[in-house]
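Have the structure open beside you as you read.

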Amino acid sequence: MSPASPATSTMRLSRAVTAVPPSGIRQFFDVVSQMEDVISLGVGEPDFGTAWRVREAAIYGLERGRTTYTANSGLLDLRTAVASSLFGRYDLEYDPEDEILITVGVSEGLDLALRALLDPGDEVLIPDPAYVAYPPCVSLAGGVPVWVPAPARDGFIPQADGLERHITPRTRALLLNYPGNPTGAVPDRAALNAIADVVRRHDLAVISDEIYDRLSYDAPHLPFSMLPGMLERTLLLNGFSKTYGMTGWRVGYAAGPKPLIAAMTRIHQYTALCASRQAQEAAVEALRVPEREVQATVDDYALRRQAIVSGLNRLGLDCHLPAGAFYAFPSVVSTGLSAHDFATRLLHEARVAVVPGEAFGPGGAGHIRCAYATSLNQIEEALERIDRFLDGFGRHAEASSLSENLQTVPTGF
Ligand SMILES: Cc1ncc(COP(=O)(O)O)c(C=O)c1O
């Protein structure tokens with residue numbers, strides 16, 4: 001008899017967890033990481049590191065021996081800094097004592113919010129396509145994710161009648177993300193007001209993931225909670241990962257109505273206890289980074305946006321100009337390939353990694369997501385490779401084993 005090993009364990013796992021598909025993006029990039037000379041327009045991660053002054057704040061705290069837990073809600077200094085930043089930028093008033101919770105990134109804030117809001121079977125509306133984590137997080141919280149179409153012809157913004165059509169007596173919440181991943185969409189005030197009307201009429205809660213708020217290129221960002229009557233219905237999620245190049249620090253915040261923040265804190269205090277103290281101290285410093293430095297980063301992204309969008313259109317891949325975030329979402333329909341096949345072949349034949357749109361929901365079909373959080377040189381080189389790939393179109397090898405490996409990229413929930 002062979003000895004027992006962890007690999008042969010027959011341990012039974014929760015049905016809720018086994019029903020959730022692995023992340024399409026992660027699977028794709030596990031394959032990418034095995035390959036050489038790949039230009040990645042894949043993972044949405046800033047290419048600049050955390051500013052030195054921010055790193056030093058964490059190092060200084062460590063040197064002073066500040067290595068303990070913080071309050072469950074987070075350092076009061078950080079909550080106060082978040083409150084004044086929201087007030088300074090948007091005129092939004094949140095009490096740092098009980099309307100702000102420091103979380104382990106937006107990711108934890110999202111999970112806490114869903115668990116605090118949902119009873120089993122409650123439905124959550126999610127514009128399609130959307131950030132990959134939304135449907136699984138809703139399911140893991142016992143809820144039911146419901147896609148609402150937000151197609152390219154509507155600028156990737158859900159329309160009021162589309163939302164209405166998907167509302168049932170079980171609809172509890174709407175998940176919004178503007179500027180949006182994967183489309184870069186930013187609704188104007190009229191479109192947001194139309195959504196707010198539906199929210200009001202059907203008494204919904206809104207979880208608004210505004211992690212890309214600083215990356216709104218053509219107009220100042222408009223938080224959903226600023227719309228009339230939305231402050232008391234909206235949970236604003238944000239963090240430090242994207243704006244301050246702090247993805248690995250794992251720190252973010254939730255700002256919203258006191259009862260919801262209290263319910264989220266109850267879960268957080270038993271699960272995470274608190275976000276890392278060093279990350280919180282670094283985040284306080286990040287909020288002191290002068291506005292001109294943040295703006296310089298935004299301006300840099302704006303140049304990359306122009307380069308990639310005009311390049312893709314020049315190559316015949318129809319691409320709208322994304323108003324925010326750092327993703328271009330061109331259509332590959334003209335190539336006759338599915339997004340999955342296009343991305344697989346592009347990776348294999350041209351060594352450029354992009355994410356097939358299906359990973360973001362059925363509405364992503366026919367599109368690929370190209371993150372432009374990479375240098376202009378890399379963007380130019382990627383465009384040249386895509387050009388050569390499109391030139392040689394039709395002269396490709398038979399479906400490769402790589403393609404078979406990628407068949408598991410989930411479509412839909
Ligand atoms: C829309 C969106 N929300 C949340 C996250 C995760 O944020 P955090 O690093 O703060 O957990 C990402 C990361 O790509 C994202 O694109």
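## What "buried" means here

A residue counts as buried when its relative accessible area is under 20%, and as exposed when that value is over 50%. Keep in mind that this is a predicted model.

## A hidden glutamine

Let's start with Gln280, which sits in helix α10, spanning residues 277-286. Is Gln280 buried or exposed? Its relative accessibility is 0%, so Gln280 is buried.

What surrounds Gln280? Leaving aside residues up to four places away in sequence, Gln280 touches Thr70, Gly74, Leu75, Leu78, Ile102, Val251, Cys274 and Ala275.

Now turn to helix α9, which has 14 residues (258-271). From its first C-alpha to its last, α9 reaches 20 Å, close to the 20 Å expected at 1.5 Å a residue.

Which residues of α9 are buried? They are Leu260, Ile261, Met264, Thr265, Ile267 and His268. These residues lie on the same side of α9 because they cover an arc of only 165 degrees around the axis. An α-helix has 3.6 residues a turn, so residues three or four places apart point the same way.

On the face turned away from that buried side, α9 carries the exposed residues Pro259, Arg266 and Tyr270.

## Around and after the helix

What covers the buried residues of α9? The cover includes the strands β2 (100-103), β7 (234-239) and β8 (252-255), along with helix α5 (105-117). After α9 comes Leu273, which has a positive phi, near 70 degrees.

Notes
Residues numbered from 1 in each chain as written. Predicted model: local features only at pLDDT ≥ 70, side-chain atom pairs only at ≥ 80, totals over all residues. Heavy atoms only, no water. Helix = DSSP H or I, 4+ residues; strand = E, 2+ residues; numbered from the N terminus. Buried < 20%, exposed > 50% of the residue type's maximum accessible area, 1.4 Å probe, protein only. Contact = heavy atoms within 4.5 Å. Expected span 1.5 Å × (residues − 1). Arc of directions from axis to C-beta.
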